[in-house]
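Thank you all for coming.

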Amino acid sequence: MAGATGSGGTLITVAPTGAETTKTDAPALPVTLAELVATARACAAGGAAMIHVHIRDEAGEPTLDLGRLCDTVTALRTATDLVVQLSTGGAVTDSEADRLAVLDALPDTASLTCGTVNFGDDVFLNRWPFMVELYQRMQEREIVPEFEIFDLGQVASMRRLLDTYGPPAGGHVHCDFVMGVPGGMPGTAAALVAAAAALPDGATFSATGVGRTTMPVALAALATGGHLRVGMEDTLTFAPGEPVRDNAQLVRRVAELATVSGRPPITPTAARAMLGVRAGMKVTFSTETVG
């Protein structure tokens, strides 16, 4: 399959919070910095190697406040060895200027959504000039992009970025297929196979199944050499009628699946090597409590 090359193991990314769910709807959702750090530690112990981060303000509302983002990156690097990825998607109401400023927090990697998509009743807007600006700033800062793909046509947009502006920081192309969003590609094995086949040779991909598509997408990704993203950003149900207890529960389940499939979870060190995260980004973690 073109592009669908994987390492000897499975990169597990946890997306613990997102920008849509409220603490009232999901009491286990980590919204404070202390909760996020505790979640990160638990997920690292369960097999995650990377964390995809959205942050909240004191009221639990989504924010792209740069000071909070910098504090979050520092805290996660101090408390864990995880690869730290910041979302540049934010919430659908965030401005392009605020989304670009996320990169000033200098994460290891950041998401780069490759096109506009209907997002339930909303529109997640990603204009081509904005995508170009985001990509070039990542190149300048040596931040590795994870290309977020919500639909098959966005693979073509990603390839246009690569063809026009050169390789990403780190030199390796890695995508995340976000599947099952109302308005995007369905969370099916057939859709995943089609998207993976369209990737450039040598590219790797993770896959995210939103809601009830979590398990079909995870199994399809493992079967096709892909990697996995799970978390309470994407699903709040562990099984029919059973709410997710916490993010670590989701990580442990796919870590077991990856191990059974013969591709056990990789370490953060191996993830950095696979993604091309520059060595200077890695910070040795301590065991001190982050309050």
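Let me begin with a question: is Phe 177 buried or exposed? Phe 177 is buried, with a relative accessible area of 0%, where buried means under 20% relative accessible area, exposed over 50%, and partly exposed in between, with a 1.4 Å probe and protein chains only.

Before going further, please keep in mind that this is a predicted model, in which local features need pLDDT of at least 70 and side-chain atom pairs count only at pLDDT 80 or more, while totals for chains, interfaces and linings use all residues. Residues are numbered from 1 along each chain as its sequence is written, and side-chain values use heavy atoms, with hydrogens and water left out.

Let us turn to strand 9, residues 144–149, in which 6 of 6 residues are buried; helices (H or I, at least four residues) and strands (E, at least two) are DSSP runs, numbered from the N terminus. In a regular strand the side chains alternate between the two faces of the sheet. Here, Val 144, Glu 146 and Glu 148 point one way, whereas Pro 145, Phe 147 and Ile 149 point the other way, and all are buried.

Strand 9 has a parallel neighbour in strand 6, residues 109–113, to which 5 bridges join it, and two strands pair if DSSP finds at least two bridges between them. Within that pairing, Ala 110 has Pro 145 as its bridge partner. Strand 9 also runs parallel to strand 10, residues 174–179, with 3 bridges between them, and there Ile 149 stands opposite Phe 177. Together with helix 5, residues 153–165, strands 9 and 10 make a right-handed β-α-β unit, right-handed meaning that, with the strands pointing away from the viewer, the path from the first strand over the helix to the second runs clockwise.

Now the rings. There are 5 aromatic pairs in the structure, a pair being rings of Phe, Tyr or Trp (its six-membered ring) with centres within 6.5 Å, counted as stacked with planes under 30 degrees apart, edge-to-face over 60, and tilted for the rest. One of them is the edge-to-face pair of Phe 119 and Phe 150, at 6.2 Å centre to centre and 70° between the planes. Because Phe 119 lies in strand 7 (residues 117–119) and Phe 150 in the loop between strand 9 and helix 5, this pair ties together parts that are 31 residues apart in sequence. Phe 119 is partly exposed at 23% relative accessible area, whereas Phe 150 is buried at 4%.

Phe 177 returns in a stacked pair with Phe 205, at 5.0 Å centre to centre and 25° between the planes. Since Phe 177 lies in strand 10 and Phe 205 in strand 11 (residues 204–209), the pair ties together parts that are 28 residues apart in sequence. Phe 205 is buried as well, at 1% relative accessibility.

As for the cysteines, the structure holds 0 disulfides, a disulfide being a pair of cysteine sulfur atoms within 2.5 Å. For Cys 114, the nearest cysteine sulfur is that of Cys 175, 7.0 Å away, and Cys 114 is buried at 0% relative accessibility.

Finally, in helix 7, residues 214–223, the buried residues include Thr 214, Val 217 and Leu 222. Just after helix 7, Gly 225 takes a positive phi of about 85°.
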